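Here is a friendly walk through one model.

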Amino acid sequence: MAAVRVTLTGCLLGMAAIAATNSSPVTFNKDVLPILQKNCQNCHRPGEVTPMSLLTYTDARPWAKAIKSAVVTKKMPPWFADPKYGHFANERTLSETDINTLVSWVDNGAAEGNAKDKPAPMTFTDGWNIKPDIIVEMPKPYTLQATGTINYKFILVKANFPEDMWIEAAEMRPGNNKVLHHGKVWVRPPGSHWMDRAVPGEAYEQETQSAILGRNQMAEGNDILGKFNPGLGAQEFTIDSGAKFVPKGSDLVFEMHYTAMGQETTDVSKIGLVIAKNPPARRYYFSTGPSAGNLVIVPGDNNGEVVSEVTVGLDNVKLVYAQPHMHLRGKDMELRAIYPTGETQVFLNSKWNFEWQLGYDFKEPVPLPKGTRLIAISHFDNSANNAFNPDPKKEVRWGLQNWEEMSNCFVGLTIDLKDNPDRLFRRSGPSLLRPVAGQAGPTLTALEPANSTK
């Protein structure tokens, strides 16, 4: 379900109840089901990441009180962006009227109503949120151990695309969403040396097999094609007349972050692709964006600040998407730009929720002139008050596992078709500093003045 930006008071709830008594009673079929179809069923259906289905009255009735609690407390639908910053095409919020309808339905007995009032059911494409033209899956199951740490896995899949392709949408789907915490599928074009010694279908890990994996370099054309995170859904690339480029002969690399579930199991994940119907005017490109590989979070700090920065190196770059990424200590992230003129603009200020790692599609492309500094400011709770904190006595550094931390904001951008994405960003400012043991940061104090030249 989508997020709620309305503060409910006892008076408001009382007004909803009075309204219900003065008009026809609120029923599931007539009043509630349309709200669930619009805001909730995309996730709340069989095969998705949520624990319950809300497709029918029989599905939803046992969860009536939980639905009321979720919308009143703003837990559901998940949406974490501060409305003062940015305008987003995929914004998921409930109107005050919708909230009152759900509350009234629950408070007055959660009636089913007349079957004739039901809208037509939503249709979904066999487990997909898109209608894929191409489906590529891992060539064999990966077997997961029952317990213990599972390092990131990298699996080369020989796709051998027969021609250059432009892709307008992609969706990565876990074969077993109980064990795949998150994942990425990379385009590995001909000429890339990343994993050129890997056996297709075999799982490798950076920690012990780096000689086989090699380096994942943007300069060789590697690009994120699709991602899976809880609540993320499919990715669309058509904004600003864009599409993603997959060169002829490319292979794919599945990057998988698994977690053990207490018993041995397997996974075969896949990605679905929608081919662009017309040649694009712009190229859509994913980047890890501003990243703080040098972060230090000191023990016990309940609001540790970390700042990272990249500088735009191409002309005619536009920002179209942002997705913060942190781990269990994350609290919030802000994405801002300092333009070459010295002006500053905040694009996104979002709370962080490890269980719902949302991405934000901008309603309109945001121009980033060459020389613009794109900055991510994140905060972390490394105190004992954080119930999810693996160890509040530990100084935390950048790392792949959940008990370590990350601070980066994935960004989707459109660039001119002729441009080389390798020149898109260069690390700058705080991201160039060396980490110092016992010293938190880098923080905002490490930023150069807005009007400085670089």
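## The sheet

In which sense do strand β17 and strand β22 pair, and over how many bridges? Strand β17 (residues 304-312) and strand β22 (residues 373-380) run antiparallel, joined over eight bridges. Here strands are DSSP runs of E with at least two residues, helices are H or I runs of at least four, and both are numbered from the N terminus; two strands pair if DSSP finds at least two bridges between them. Gly-304 sits opposite Phe-380 in β22.

Both strands belong to an open five-stranded sheet with antiparallel pairing, in the order β20-β19-β22-β17-β25. At its edges, β20 (344-351) and β25 (425-427) each pair on one side only.

## About the model

This is a predicted model, in which local features need pLDDT of at least 70, side-chain atom pairs count only at pLDDT 80 or more, and totals for chains, interfaces and linings use all residues. Residues are numbered from 1 along each chain as its sequence is written, and side-chain values use heavy atoms, leaving out hydrogens and water.

## Helix α2

Helix α2 covers residues 28-39, and its buried residues (under 20% relative accessible area, 1.4 Å probe, protein chains only) include Phe-28, Val-32, Leu-33, Ile-35 and Leu-36. The buried residues of α2 pack against α3 (57-60), β2 (93-94) and α5 (96-107), with contact meaning heavy atoms within 4.5 Å.

Technical notes
Buried < 20%, exposed > 50% of the residue type's maximum accessible area, 1.4 Å probe, protein only.
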